[in-house]
Amino acid sequence: MDNNNPPVYIKCKLSSLDFLSLKKNNNLSCYPVCMPDDSFSFLHEAACIEFKGKLFAAWYQNEEKELIGATPIFWTYSMDEGKTFVDKKLLVIDNTKQILYCPPVFGICDGHLYMLINEMYIEPDHIHALDLYIYDEENDTFEFLWSRPIPFKLNTNVYALDNGKLMLPGRLAELDGFPVTPAVLISDSGKIDADWRVVKVQEDGGLPDGKDYIHPEQSAIVQGNHIVMFCRTDREPKPILYISEDYGEMWSKPILYDIPVSSSKIYSGTLSSGQHYWIGNLFPHERKKLAFLYTSGKDLFFDKGFLLQDGPDEKLEGSGKQWSYPAAYEANDKLFVIYTAAVKESHTIRGAVLSVIPLKDLK
């Protein structure tokens, strides 16, 4: 990138939705997934997926602060669409506290459920390896398959593309480095347990104004060969878009999008109806307001929306003022949204909760 003559941002005009006047949807069901305990009081990123009647959730936790000390992966599942979950199960932990694990994501392929996680070794967020596990239904466990030195930080569940390939949005680094370059992994075979190759969304971690990305977390809206990637940037209160017209092989220059977003993870996707959704924190409220935006049709005009959370939730005992790091999965005519919840007015005591959105309400 030529910083002496950087390209300008292109603004995408959204519809007339007044984002800052959105109200909380109090009709949604909301359930605790994992609350802090004496051993692990900090939970940061979680993921969810439905598989053969079970709603799975997984996350990483810390004893007190993010990515300091033991950083294990836990998982659980619900048989009643999130109302109750079985006791959390430990997937992996390094008791020496040298290897840290984050964040889990899911994928389904050929009738099997998989979980992918990152290993960090040198420093927090410095990616050392990509690990893959497969769910053993008979023994109700996740079994280790492989670990590969791919310095790619995960952000979303696996996307299945119409060309038969698979895609994982995320960000790239040098091995054991901090990931700042937006990228995707692609499985050409369409298999999760096969080889994944890296495709850079842009050549480096630099923004058009010459500054560097901080946390370019990504998620995608996929329509055939057309992919729109939402990317977090903490440099200003708007997300960046990248667009691909060839199943993620080549990407546009960064496009500044007109949603007023605070510095946190964005999660986007497409429903079976063809409508698109976007979940994130609204600026200038930081992580107090967690918004759910959606489209009336198949275009990218977000003309409807509501708040999933807005400050303390009276339905969740002890909940605080922060809600962040959403992830979502559609199943059984519902969208299940899992996200991080600050507890007891503290930013460092966090659990995970689940909101359930009936798709009939999004017509």
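**A buried tyrosine, a pocket and some backbone details**

At 5% relative accessibility, Tyr325 counts as buried, because the cut-off for that class is under 20%. The model is a predicted one. Tyr325 is found in strand S24. Its phi is near 55°, a positive value in a residue other than glycine.

The largest pocket holds about 580 Å³ of space. Its lining comprises 27 residues. Closest to the centre are Val158, Tyr159, Ala160, Thr270 and Tyr329. What is the make-up of the lining by class? It has 17 nonpolar residues, eight polar ones and two charged ones.

Now turn to the loops. Glu81 lies between strand S5 (73-78) and strand S6 (89-92). Like Tyr325, this residue has a positive phi without being glycine. For Glu81 the angle is near 60°. Is Glu81 buried or partly exposed? Its relative accessible area is 25%, so Glu81 is partly exposed. Tyr325, by contrast, is buried at 5%.

Another loop joins strand S21 (276-281) and strand S22 (289-295), and Pro284 is placed there. The backbone detail here is a peptide bond. From Phe283 to Pro284 the bond is cis. Its omega is near 5°.

Methods:
Residues numbered from 1 in each chain as written. Predicted model: local features only at pLDDT ≥ 70, side-chain atom pairs only at ≥ 80, totals over all residues. Heavy atoms only, no water. 1 Å grid on protein atoms, 1.4 Å probe; cavity = no way out; pocket = protein on both sides within 12 Å on 5 of 7 lines; lining within 4 Å. Points joined across faces, edges and corners; volume = space filled by probe spheres on them. Nonpolar A, V, L, I, M, F, W, Y, C, P; charged D, E, K, R; others polar. Helix = DSSP H or I, 4+ residues; strand = E, 2+ residues; numbered from the N terminus. Buried < 20%, exposed > 50% of the residue type's maximum accessible area, 1.4 Å probe, protein only.
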